[in-house]
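Please open the model in your viewer and follow the selections below in order.

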Amino acid sequence: MQTFRPAPPHRSSATTSRLRPMPPVPRRHPGLEARQTPAEAACSVRHATALANALERPITPGNRVDALIDAPSAYAAMLDAIEAARDHINIESHLVEADGPARELARRLLAKRREGVRVNLLLGGMDPDGTCSRYFTALRKAGVHLCEYRPPSVWRNPLGHALHARQHRKLLIVDGRVAITGGLDGSSIYPVPSQALGTGGDSPARDTHVRLEGPVVATLQRLFLDHWCSQSRSAAQRARYFPPLAAAGEQQVAVAACDDHHRHHPSLHVLLRAVESAEQRIWLTADCFAPPRRLLRALASAARRGVDVRLVLPGGGKSALWPVHRGHYAELLAAGVRIFERREALPQAQTAVIDGVWSTLGAGKLDWRSVLHTAEANVVVLDPTFGARLEEVFRQDLFCSHEVLPTEWRERGWHARASEWLAARLDFLP
């Protein structure tokens, strides 16, 4: 058994830059180096250097990373990992609803508790309307440790709490050896996996998760336990949280994470550095696109210097944030950025693949409120094979999307122009 001690308090970015030496660029796996052309190897080194200079956590080599496309495959991998648990299960999520996938999740967790597996569950909001009280009561009675992230308090401004202090991290860590993360949570908008754990009904959302094995799992475990210690009155249950981890693959992975109300946003910072280092293409998918001005300028600048910049965003007016997205189109289209709106199975994924070797995904959203106020976590993968897999998924999304052409954009009506003009200046998110 291991007794967990939280990491030292996080320093501000200004203090860290004075005290922390520049992190070294990790050595590449010799087998991976041999499979790359000189141009690909140079591209990988360029992005690895930019990433190492932008991060506060080191890049971790020796990992295996598997993409999980859409809810059925992601839930199947989650349930399989839970089924294989022998020591502990740690889960952090923005949302869990009593119906839908969370019902099967509760059944599996209760079964593992009967086997003596320790379970810690950290949620962004446990019971906003009283409908989940029976769900959480059953988990508590079975010995599941529950923690609510910043619960409402009479001493705290409830409006400010609702709008700002949030957490969007989605993490599942099993036995300190397997981690799954991405944009998926326990919402009933996703289909429930069948008994075969690989199929489900049609989902109104397009999501991407990732399964990780190798040394980077310890970084995600530390991230979870630090968050737990900062939010819970009780310590995490005693378990073997940090078993020895051997190399599981050849992929280099970094973790970009921050707490809420943290002005230095690592996910945005590393994305900016990668965009600035891009030479070939930047393909980005987001469910929310109201980014800071510096990212807009970086994307426009990349397009002007000849980089193939493409965005897949929700479209068709089905997203409440549609006017916010479109308020930034004029500047991007003028610079040569290609914008695609997906009309069905709206993208919930937060992914980017740059030059085919730099990839990121997770719960980090590209809007000002998330950048300033939300606790988030993304993983960054430096690997051409994984990059090719995400590019293949991106091409499939393009096939299901409508491109917004400059001529079409200039012919839109006055009502659309007015709502987009206002949204672009307010960046208002409901």
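Begin by selecting P266, S267, L268, H269, V270, L271, L272, A274, V275 and S277, which are the buried residues of helix α9 in this predicted model. Now extend the selection to the whole of α9, residues 266–277. This helix is mostly covered, with 10 of its 12 residues buried. From its first C-alpha to its last, α9 reaches 16 Å, close to the 16 Å expected at 1.5 Å a residue.

Colour P101, A102, E104, L105, A106, R108, L109, K112 and R113, the buried residues of α5. Against which elements do the buried residues of α5 pack? Display α4 (70–83), β2 (88–93), β3 (118–123) and α6 (133–141) to see these partners. After α5, select G116, whose phi is positive, near 95 degrees.

The tour now turns to the nonpolar cores. Select L51, I282, I339 and W358: these residues have the most contacts inside the largest nonpolar core, which has 43 residues. Centre the view on I339 and show the residues that I339 touches, leaving aside those up to four places away in sequence: L311, L313, Y329, L332, L333, H402, E403 and V404. Finally, select L220, F224, L361 and V379, which are included in a second, separate core of 33 residues.

Terms used:
Residues numbered from 1 in each chain as written. Predicted model: local features only at pLDDT ≥ 70, side-chain atom pairs only at ≥ 80, totals over all residues. Heavy atoms only, no water. Buried < 20%, exposed > 50% of the residue type's maximum accessible area, 1.4 Å probe, protein only. Helix = DSSP H or I, 4+ residues; strand = E, 2+ residues; numbered from the N terminus. Contact = heavy atoms within 4.5 Å. Core = buried A, V, L, I, M, F, W, Y, C linked by side-chain atoms within 4.5 Å. Expected span 1.5 Å × (residues − 1).
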